[in-house]
Structure formats: C-alpha cells, structure tokens
Amino acid sequence: MERYAPGKAQKFVVMAIVVAWAGFIALASSWAFQSYHATVKAAEDRVSTSSLVVATHAKWIYEFGAQATGRLVDLVESGRAPLRVGAVQDIRGTLQGLPGTVQAYVVAADGKTLYSTDPNLKPIDIRDREYFKALAAGREDYVSSLLISRLDGDQIFVFSRRFEEGGVFAGVVTVSLSTELMKPIWEAVNLGGNFAVSFIREDGQLVARYPKPKAGLDMSDYVLFTDYLKNAPTGTYIAEASPLDGVRRIVGYRQVEGTPFVALAAADLGLLMRPFWHNIAILSVVTALACLGSFGAALRIRSLLRIQDAQAAALQTALDKNELLLREIHHRVKNNLQSVMSLIRVHLKPGEQSQALTDRIKAMVAVHELIYQHDAYAALDAAQLIRRVTENVIGAYGGGVHVDFDLAPSSVSNDRATALALLINEVVSNSLKYAFETPASGRIEISLRKGETDDMSTLKISDNGIGFDPATAVKGTGTKLMEGSLRQLDGSYTLDGSDGTCFTAQLKLL
C-alpha cells in the first residue's frame, strides 16, 4: 500500500497550478492566434472588396479613354477634321460629355498640335514623350504611366492612339486625364486611416494614385509583380513598408481584365488591427488579475496543506500500526492452520484422506500468505494464487506431471480467494490421482480468461489422461467441496471426459 508522503499534496497543487496556467496560456495563445487571423481575414476581405470597386472604375476609365481616342482618330482619318492647325472648338462636339479634368489633343507627326479641347493651349513639343514615341514606332495605342503636365504641373496620365494618312504615320490623338479623378474613388472606398487607391500598369509603372504621390514609381521588381501576380490575378498581401511612403498596409490587388491596369486598394493595417490589439489589452488585464488571484489562492492552499500534512502524518502513523496488526493477524492465522495440520497428522492415520485434508488446508494457507506478503487486503492476484496452489498440489503428489499455465491478469477478492484456492486444489488433485497411468507422461493445462461479461471469468483445467464418464462418477467429499466452492464463486461448471478430462467453469472473482 502506498504511504502518504508529507508535502506530496503541496507538490500536486503546485503541479496543478502549473498545468492550469499552461492550459490557460495555451488557450489564450490559441484565442490570440485565431483572433489575429480572423482580424487579418476581415481586413483581407475588406481590401479585396475595395479592390473590386477600384477595378470597376479602372475598367470604366480605360474604356472611356479607348472610346475617346477612337472617336478622335475616326474624326481625323475621315477628313471631317483636316490636318491643319484649327480652332479649339473644332473637336469639342466629338468629345462632348468629357469630365472637366480631361483634355484632348490631336498632334501631327512633326509635333505640332492641330486640335485641342484646352483653351489655354501652349505650343509644347511632345515628341519626346513615351506615349508619342511608342506610336511613331508602330504601336496602335498606348496608356502612359504617371506624368507631370508641362502645361500646368498637374499629375496626369494619357491615353494615345496613332492615326495615318495614306497608310503612313501622320500623328497621334491623346486624351489627358488628371489623377484628381482618383479622389472620388478614394472617397467611395473609404478604408479609413492612411489608405490609398492606385492604378498600376501591367509592366509595374504607377499610372495614378490617391493620395497623390510625390513622383512616379517603377514596381516591376516589387513583390506584387515578381510573386503575387504570377500566382493569381487577384488577391491580398501585407506590405510591411509601402514603396512610396513606407506605411505598413494590407493590399488588395486585382488585374483588370481587358485593360493594361492592375487595381490596388491599400488599407492602413495598423488601423484595421486596432480591434485585435484592444482585445489583447483586455486579455492582458484579465491575465494579470488571474495571476494575482491564483497567487493569493496558492498561498492560502499552501497554508491549508501544511495543516493537512500534519494531520495526515498522524493518520499515517495510526495506519501503519493497524497494518502491522493486520499482518500479524494473518501470519498467526497461517501459523494456526499449520498447527491444525500438525494435529491432523498426529491424530489421523497416514493415507489419502489425510493428504487430501492437508492439501485443502495448504490451499487456505496460500491465500493468507499472499495477503500478508503483498499487503493485498482488498484483492489478490488470481494468477499468482492459482500458480501457488497448483505448485503445492504437484509437490504433494510428486511425479513428473507437467503443467502449462495461460492466465490472463485478473484479481480475486479476499472473500472469494479461499473458494478459488480450494476449487483449484480439488480439480488438480483429481487429475493427479486418477487421470494418469504413468505421471511422467502427464500434462495439465490451466487457463483463466475474461468471460463474455465483464464480471465473469472462465477457468479451464484439462489433462491428457485416460478420461472418464461423468454420468457414472460417484460424488465424494472432493466433488461436494468443489461444488460448494463454485456456489461461493457464483459459478457453474461442465465436465468432459471423452478425451482426457476437461473442467470448464464460469466464475465471479470480484
């Protein structure tokens, strides 16, 4: 029996507190992890939806620019607008309905402006601009990156398309749009904080952004173009530092189908993560309060456990005395039984009946030996008991009989152990006395298995002897004792003597 160890409860409480705190930390960490990813997921969904809004406007602006330049080319190539320097109003009708921030131009191959919607037109040579050079080199149309207007210093981007005369390049038509048109898109998205919306050309050049940047930007070597767009035409990513202003943002991007644009909606990650950090602050306060509470509780528990240890030590001392007395009682019972055997040997004549009585008492002695040797006051090891009794019987009758054990781990209560010991003694004794013509060839097999129900076990004892007919067998003292033992074990049995003898019993050991 395990002794009570002073301080063990205190160690257990400390361990329990440590385990509880480990569980709390694991739970809090799991909650923080899930909360973080839920917040990021909500931010990703928001910027993804916003990028769709930006992409819709980008699609509309591109179609507007393409239609406007197409209408101008048709006007010039149809001859309705001769290739000569004309008045501003000559093309206003063609581009009726353009926004106020949009200006259109028709520029000849020599760089001279032929027509314009700009009433403040100044003679500026645009032949060095990429949107002119690309068309002169053979491209049909072009969308510029972010430019600074040479007329008024405004940030603009340009749609241009070439026109021909007699199959030869004759000039370009351009539609210039101020990046100020990004402001209504920015206001419609309204992600809060330091957010931005942008159009990026598919080669990585910045086309338009709001809030306005200080200069253009080449993003062709940025992770958006080297990684994300190669894997998916739409998605989100976290920019630890914006290449324009260094702000940490979560970005939703979307390649605008049918256009050279990539639409971006970039939200202020710090603002979107505020709910998460607010929850973390609350968790920190709760954790601090829990720490203080558990520390106070630990001190109180420690005080109570010290008192309990003192009481337990006194109880342990009393228990040790009682166990010593109980062990002594069983030892005296064993000695008394041995005295009974000695008296029987003196008063009875030697013979089979005397040996049978001695064997039965030995079986009872084996039970008490196991109890006080192993301090097993509630239950015994059934397998160990069966081996002990069987070895006693084999030792008493001698001979070369071989016994095979196949015993599953089982327990037998102390109040049933004597009945089990006597049953084993009677069955094995019968085999040794009646089954074998020559003991040297004898073999007995004993097995113990759990039965079909949890509270029943199956005991099987068989030999390779001469067998017998159970119907003609006479019930003697051994058989009556065997049946009495089975009743104490709430059991039943069958005998088969057709091929050796096979005793099978269903027993309740606990």
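Setting aside neighbours within four places in sequence, Arg161 is in contact with Ala66, Thr69, Gly70, Val73, Leu135, Glu140, Asp141, Gly171, Val172 and Val173. The model is predicted.

**Arg161**

- Arg161 sits in strand S5, which covers residues 155-165.
- Its side chain reaches the backbone oxygen of Ala66 at 3.4 Å.
- The Arg161 side chain also makes a polar contact with the side chain of Thr69, at 3.3 Å.

**The open sheet**

- Five strands make up an open sheet, in the order S8-S7-S11-S10-S9, and their pairing is antiparallel.
- Strands S8 (206-210) and S9 (234-239) are at the edges; each has a single partner strand, so one side of each lacks a neighbour in the sheet.
- On average, neighbouring strands of this sheet are turned by 20 degrees against each other, direction ignored.
- Six bridges link S9 to strand S10 (residues 249-255) in the antiparallel sense.
- Ala239 stands opposite Arg249 in S10.
- Helix H3 (residues 182-189) packs on the sheet and touches S7 (196-201) and S8. The direction of H3 makes about 130 degrees with that of S7.
- Helix H4 (residues 223-231) also packs on the sheet, touching S7, S9, S10 and strand S11 (261-268). The direction of H4 makes about 60 degrees with that of S10.

**A hairpin**

- Strands S17 (residues 492-496) and S18 (residues 502-507) run antiparallel and are joined by five bridges.
- Thr494 has Thr504 in S18 as its bridge partner.
- Five residues lie between the two strands of this hairpin. In the turn, Gly500 has a positive phi of about 70 degrees.

**The largest pocket**

- The largest pocket holds about 820 Å³ of space.
- It is lined by 34 residues, and the closest to its centre are Asn430, Tyr434, Phe468, Val474 and Thr479.
- H9 gives the largest share of this lining, eight residues.
- Helix H7 (352-374), helix H9 (414-434), strand S16 (457-463), helix H10 (477-488) and S17 each supply at least two lining residues.
- By class, the lining has 15 nonpolar, 11 polar and eight charged residues.

**The second largest pocket**

- About 460 Å³ of space lies in the second largest pocket.
- Its lining has 25 residues; Tyr105, Asp118, Ser149, Leu151 and Ser176 are the closest to the centre.
- Strand S1 (102-108), S5 and strand S6 (168-178) each give two or more residues to this lining.
- The lining divides into 10 nonpolar, nine polar and six charged residues.

How values were computed: Residues are numbered from 1 along each chain as its sequence is written. This is a predicted model: local features need pLDDT of at least 70, side-chain atom pairs count only at pLDDT 80 or more; totals for chains, interfaces and linings use all residues. Side-chain values use heavy atoms; hydrogens and water are left out. Helices (H or I, at least four residues) and strands (E, at least two) are DSSP runs, numbered from the N terminus. A polar contact is a pair of N or O atoms within 3.5 Å; within protein, one must be able to donate a hydrogen and the other to accept it, and residues adjacent in sequence count only if both atoms are side-chain atoms. Contact means heavy atoms within 4.5 Å. Two strands pair if DSSP finds at least two bridges between them. Axes are lines fitted to C-alpha atoms, for helices over the stretch in contact, and angles run from 0 to 180 degrees between N-to-C directions. On a 1 Å grid over the protein atoms alone, a cavity is a set of points where a 1.4 Å probe fits but cannot get out, and a pocket is an open set with protein on both sides within 12 Å along at least five of seven lines; lining residues have an atom within 4 Å of a point. Grid points are joined across faces, edges and corners, and a volume is the space filled by probe spheres set on the points. Ala, Val, Leu, Ile, Met, Phe, Trp, Tyr, Cys and Pro count as nonpolar, Asp, Glu, Lys and Arg as charged, and the others, Gly among them, as polar.
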